[in-house]
Amino acid sequence: MEPDIQTLFTIAGIGIIVGMIHSVLRMIGREDWANWMTLIGFVIVLYMVVNFIQNLFQHIQRVFHFF
Amino acid sequence: MSLRFIFGFLMLALFSWIGWDVARRYAWRVQLLIALQRALTSLETEIVYAQNGLPDIFKRLAHMEPALLSSFFLSTHRELLEGRRNLADVWYDLLNRPPLILYTDVRERQTLIDLARSLGQYDRLSEQKRIQLARYELEEAYQEAKQNDERYGKMARTMGVLFGLLVMILIW
């Protein structure tokens, strides 16, 4: 399962927008909301890449003969 | 593809509109507090110098103020002419239902109701002092509302657009 280019662009877009939201919230002095927003963005991206990570671990196991 | 495109733009428009609406509420609150202070100044002038009766004063204020406050003062005028309830009860009802409840805080409503309780009960000098006290409290609320409008109004607009873009990217 190869990561396609659209997923990479989606993740980049989410990163940019979550970064902007973080900056806006910090600017008005809401660091707590900003941190929560970053965490939510991280969870969304993690949910999107979890299959790729699983695939990566399987490859590593296969390469080093862990099973 | 085209359906997702349309849905994405609808989401962007929806979130942007929500952001603008929240920002507009902050701006309207500031406008309302300015108008209320102006109305209290007129009320003070009418009571102390013109010495008119309360129903007449509220009718005149209804003609002077913007739509939101105009209907408030006009309803007060009508209720006072009917004479079934006192001013405090009338204002309690009018302030605790839309549209005024959306733009006023509990403190401002209480200030106005307290003022309504005292109007027509004491001599002119006491009434003038009470109106000035209410205006001072509204001025404090106005400063706070202005600060919130500058800070959170801009934030609401920006956040609306950014959340819209985020949702658009997620459903793309």
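**Interface and cores**

Mentor: With charges: between chain A and chain B the count of salt bridges is zero. Bear in mind that this is a predicted model.

Trainee: How many residue pairs are in polar contact across the interface of chain A and chain B?

Mentor: The rule finds one such pair, with both residues at pLDDT 80 or more.

Trainee: Which elements of chain A give two or more residues to the side that touches chain B?

Mentor: Helix H1 (5-27) and helix H2 (31-63) of chain A do. H1(A) has the largest share, 10 residues. By type, that side of chain A divides into 10 nonpolar residues, three polar and one charged.

Trainee: How much area do chain A and chain B bury between them?

Mentor: About 1200 Å², with 86% of it on carbon and sulfur atoms. On the chain A side, A:Ile17, A:Val24 and A:Ile28 supply 40% of the area buried against chain B, more than any other three residues.

Trainee: And how should I read a core?

Mentor: In soluble globular proteins, nonpolar side chains tend to be buried together. Here the largest nonpolar core has 37 residues, and B:Leu43, B:Phe58, B:Phe73 and B:Trp91 touch the most other members. H1(B) gives the most to this core, nine residues.

Trainee: Which residues does B:Leu43 touch, not counting those up to four places away in sequence?

Mentor: B:Leu43 touches B:Ile57, B:Phe58, B:Leu61, B:Leu115, B:Leu119 and B:Ile131.

Key: Residues are numbered from 1 along each chain as its sequence is written. Chains are lettered from A and ligands numbered from 1 in the order in which they are written. This is a predicted model: local features need pLDDT of at least 70, side-chain atom pairs count only at pLDDT 80 or more; totals for chains, interfaces and linings use all residues. Side-chain values use heavy atoms; hydrogens and water are left out. A nonpolar core is a set of buried Ala, Val, Leu, Ile, Met, Phe, Trp, Tyr and Cys residues joined through side-chain atoms within 4.5 Å. Buried means under 20% relative accessible area, exposed over 50%, partly exposed in between (1.4 Å probe, protein chains only). Helices (H or I, at least four residues) and strands (E, at least two) are DSSP runs, numbered from the N terminus. Contact means heavy atoms within 4.5 Å. Buried area is the accessible area (1.4 Å probe) that two parts lose on being put together, summed over both. A salt bridge is a side-chain nitrogen of Lys or Arg within 4 Å of a carboxyl oxygen of Asp or Glu. A polar contact is a pair of N or O atoms within 3.5 Å; within protein, one must be able to donate a hydrogen and the other to accept it, and residues adjacent in sequence count only if both atoms are side-chain atoms. Ala, Val, Leu, Ile, Met, Phe, Trp, Tyr, Cys and Pro count as nonpolar, Asp, Glu, Lys and Arg as charged, and the others, Gly among them, as polar.
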